[in-house]
Each structure stands twice: as C-alpha cells, then as structure tokens.
Amino acid sequence: MLLRYKKAYEKIAMGLLSYMPGEKSVKRLQETIHQYETEENWQLFLLKQDEDIIGLVGIILDADSYTVMHLSVNPSFRGEGIGSKIITKLGDLFPDLECKSNEETESFLRKCRQKEDTELDE
C-alpha cells in the first residue's frame with residue numbers, strides 16, 4: 001500500500017532516499033525531504049508491505065503529468081518487482097496523468113515499460 005509521506009516517516013524516508021545517486025549527504029537528504037514537505041506539487045509516497053516500509057517514490061505533479069524524481073527500494077527487497085509495483089500503484093493513483101522520468105529514474109522506468117509491453121504481448 002502506498003502511504004503519503006508524513007513527518008513521522010522522516011528517518012525511514014531519508015534512509016531510503018540515501019540509496020539514490022546524489023542523495024548521500026545528510027544535508028542533501030534534509031534538503032530533499034524539506035522540498036517534499038513544503039512544495040505542494042512535490043509528493044512523496046512510501047510503500048508499506050505487512051508492517052515494513054520497503055520502498056519510496058517521490059514525484060512532481062503537473063497539470064497533465066507527474067515526473068518520478070526519486071524511486072528507492074530497501075536492498076533486502078530488491079529483485080522482487082517492488083519498484084515496478086510502486087510505479088503501477090502510482091499509475092493507479094493518477095490514472096489520467098502521464099508518467100515521466102528524470103535522469104536518475106529514466107532507465108528504471110524504461111525497464112518497467114518494456115516489461116509491461118512484454119507481458120501484454122504474451
């Protein structure tokens with residue numbers, strides 16, 4: 001289940017964000033979290049599975065699209081399709097909006113789309 005970020009999840013969110021390239025320093029992580037907390041069109045979601053928060057996705061919402069800025073999965077859960085599940089759940093949340101990527105998320109989103117296309121062809 002995707003949960004909207006709340007201040008109570010700050011440390012978990014910062015931990016997950018630290019797996020993103022360019023988000024290693026505590027100062028940078030705090031700046032990123034601050035953007036999600038203060039800018040209305042920046043939205044951060046956490047993926048909860050059972051009792052654990054295992055993934056995170058951050059987006060910038062626009063009128064007709066959203067851009068995936070951050071996407072991270074706890075290393076213990078990688079290779080299980082969690083990232084793809086997060087992208088699918090985002091699509092369910094915003095069915096009328098186009099999903100876009102940035103430099104850091106582009107290759108992963110391309111893989112997700114290729115996987116979807118392959119599954120549709122089967």
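## An exposed loop residue

Asp50 is exposed, with a relative accessible area of 68%. In this predicted model, Asp50 sits in the loop between E2 and strand E3 (52-61). Its backbone is worth a look too: phi of Asp50 is near 55 degrees, a positive value in a residue other than glycine.

## The overall layout

Let's step back to the whole chain. The protein has four helices and five strands, and read from the N terminus they come in the order β-α-α-β-β-β-α-β-α. The radius of gyration is 14 Å, close to the 14 Å that the globule rule gives for 122 residues, so the protein is as compact as a globular protein of that length. If you'd like dimensions, the C-alpha trace spans about 45 × 35 × 25 Å along its principal axes.

How much of the protein counts as buried? Of its 122 residues, 42% do. The accessible surface comes to about 7,400 Å², and carbon and sulfur atoms account for 48% of that. On the charge side, there are 16 positive and 23 negative charges, and their mean positions lie 6 Å apart. As for how the chain folds back on itself, take the contacts between residues at least 6 apart in sequence: 57% of these join residues at least 24 apart.

## Aromatic pairs

Searching the whole structure turns up three aromatic pairs. One of them is Tyr36 with Trp42: the ring centres are 5.1 Å apart and the planes are at 70 degrees, which is over 60, so this pair is edge-to-face. Tyr36 has 6% relative accessibility and counts as buried. Trp42 counts as buried as well, at 10%.

Phe45 and Phe94 also make an edge-to-face pair, with 6.3 Å from centre to centre and 70 degrees between the planes. This one ties together distant parts of the chain, since Phe45 is in strand E2 (residues 42-49) while Phe94 is in the loop between helix H3 (82-93) and strand E5 (98-101), 49 residues apart. Phe45 is buried at 6% relative accessibility, and Phe94 is buried with a relative accessible area of 16%. Which residues make up the aromatic cluster here? Phe45, Tyr66 and Phe94 form one together.

## Along strand E2

Setting aside neighbours within four places in sequence, Trp42 is in contact with Arg4, Gln35, Tyr36, Ile59, Ile60, Met69 and His70. Tyr36 on that contact list is also the ring partner described above.

Leu47 lies in strand E2 as well. Is Leu47 buried or exposed? At 1% relative accessibility, it counts as buried, the cut-off being under 20%. Beyond its neighbours within four places in sequence, Leu47 is in contact with Met1, Leu2, Asp52, Ile53, Ile54, Gly55, Ile82, Lys85, Ile86 and Lys89. Arg4 is 43 residues away from Leu47 along the chain, and their C-alpha atoms are separated by 9.1 Å.

Thr67 lies in strand E4 (residues 65-73) and, with 14% relative accessibility, counts as buried. What does Thr67 touch beyond its neighbours within four places in sequence? Its contacts are Gly58, Ile59, Ile60, Asp62, Lys100, Ser101 and Asn102.

Thr88, on the other hand, lies in helix H3. Thr88 is partly exposed, with a relative accessible area of 41%. Follow the chain from Thr88 to Cys112 and you cover 24 residues, yet the C-alpha atoms of the two are separated by 9.1 Å.

Notes. Residues are numbered from 1 along each chain as its sequence is written. This is a predicted model: local features need pLDDT of at least 70, side-chain atom pairs count only at pLDDT 80 or more; totals for chains, interfaces and linings use all residues. Side-chain values use heavy atoms; hydrogens and water are left out. Helices (H or I, at least four residues) and strands (E, at least two) are DSSP runs, numbered from the N terminus. The radius of gyration is taken over C-alpha atoms; the globule rule is 2.2 Å times the number of residues to the power 0.38. Buried means under 20% relative accessible area, exposed over 50%, partly exposed in between (1.4 Å probe, protein chains only). Contact means heavy atoms within 4.5 Å. Accessible areas come from the Shrake-Rupley method with a 1.4 Å probe; for residues, only the protein chains shown count as cover. Lys and Arg count as positive and Asp and Glu as negative; His and the chain ends are not counted. The place of a charge is taken as NZ of Lys, CZ of Arg, CG of Asp or CD of Glu. Rings of Phe, Tyr and Trp (its six-membered ring) pair if their centres lie within 6.5 Å; planes under 30 degrees apart count as stacked, over 60 as edge-to-face and the rest as tilted.
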